[in-house]
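Have the model open while you read.

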Amino acid sequence: MSTQPISRRARPAKAPLSRDAIVRTGLEILDRDGLDALTMRRVARELDTGPASLYVYVANRDDLMDAMLDEALGQVRLAWEGTWQEQLQALAAAAVEAMSRHEGLAAVALGQIPTGDNALLVLDRMLALLKQGGLDDTTAAWAVDLLYLHVAAAAAEQSTYNTKGAGEEATVTAADHRYAALPTDRYPMITSLRQALLSPGDRDTWSLNVLINGILHTPAH
């Protein structure tokens, strides 16, 4: 029994290629298979095209990662209730959560000046809240750099916990075992403050409050 050839015209039509489609596919690969699996060749294969076709829409893998980060930041809500400090804390927490949800994206934020549409919306809202706090233009501008750096670093840490699958509690437990075995004569402060160093608490809110209070009392000149 012979098999009849299938015409190419009978195949389902491929979805049109676009920057948005490439970015969405990149995020799907990242979340499903991890950072190491994210290559231009792999994205092209998922989209049933050749790698060369992708370069019409993204310059390279770094450009793709930038676009994926900005797509993730599109999930951050910008409208909040409360004082300007409370709104700033909520905005920072939402940005940390959005960045840390996808492996490796927070590290992208650490090495760039934000230029994506969604990242700029987050920064614009931060600046508006800082101005509500009475900061002058230069201090607000410098402060938003510091706050964005804090957000990216916090997200990178959380993303590491997520990727390892062990979580922060397991990491703290491992550190506690290590600290407990340290010789007190060589590490007197760490051993004496071991419980305080590893104590639980809302350190994220505390650290952000430290930054905000420091910014309020340290105008840029």
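When we talk about helix axes here, we mean lines fitted to C-alpha atoms over the stretch in contact, with angles running from 0 to 180 degrees between N-to-C directions. Keep in mind that this is a predicted model.

| Pair | Axis distance | Angle |
|---|---|---|
| H7 (residues 117-132) and H8 (residues 137-164) | within 9 Å | roughly 130° |
| H5 (residues 84-100) and H8 | 8 Å | about 45° |

Start with H5 and H8: their angle of about 45° makes H5 oblique to H8. The crossing of these two is right-handed. On the H5 side, the contact includes Leu88, Ala92 and Met99, while H8 brings in residues including Tyr148, Gln158 and Asn162. Sorted by class, the contact of H5 with H8 has eleven nonpolar, four polar and no charged residues.

Now for H7. H7 passes H8 in a right-handed crossing. Among the H7 residues in this contact are Leu123, Met126 and Lys131, which meet H8 residues including Asp137, Val144 and Tyr148. That contact divides into twelve nonpolar, no polar and two charged residues.

Finally, there's H1 (residues 19-33), with 15 residues and a reach of 21 Å from first C-alpha to last, close to the 21 Å expected. Its buried residues include Ile22, Val23, Leu27 and Ile29. What covers the buried residues of H1 includes H2, H3, H4 and H6. After H1 comes glycine 34, with a positive phi near 95°.

Terms used: Residues numbered from 1 in each chain as written. Predicted model: local features only at pLDDT ≥ 70, side-chain atom pairs only at ≥ 80, totals over all residues. Heavy atoms only, no water. Helix = DSSP H or I, 4+ residues; strand = E, 2+ residues; numbered from the N terminus. Left-handed = near helix turned anticlockwise from the far one by under 90°. Contact = heavy atoms within 4.5 Å. Nonpolar A, V, L, I, M, F, W, Y, C, P; charged D, E, K, R; others polar. Expected span 1.5 Å × (residues − 1). Buried < 20%, exposed > 50% of the residue type's maximum accessible area, 1.4 Å probe, protein only. Parallel < 35°, antiparallel > 145°, perpendicular 65-115°, else oblique.
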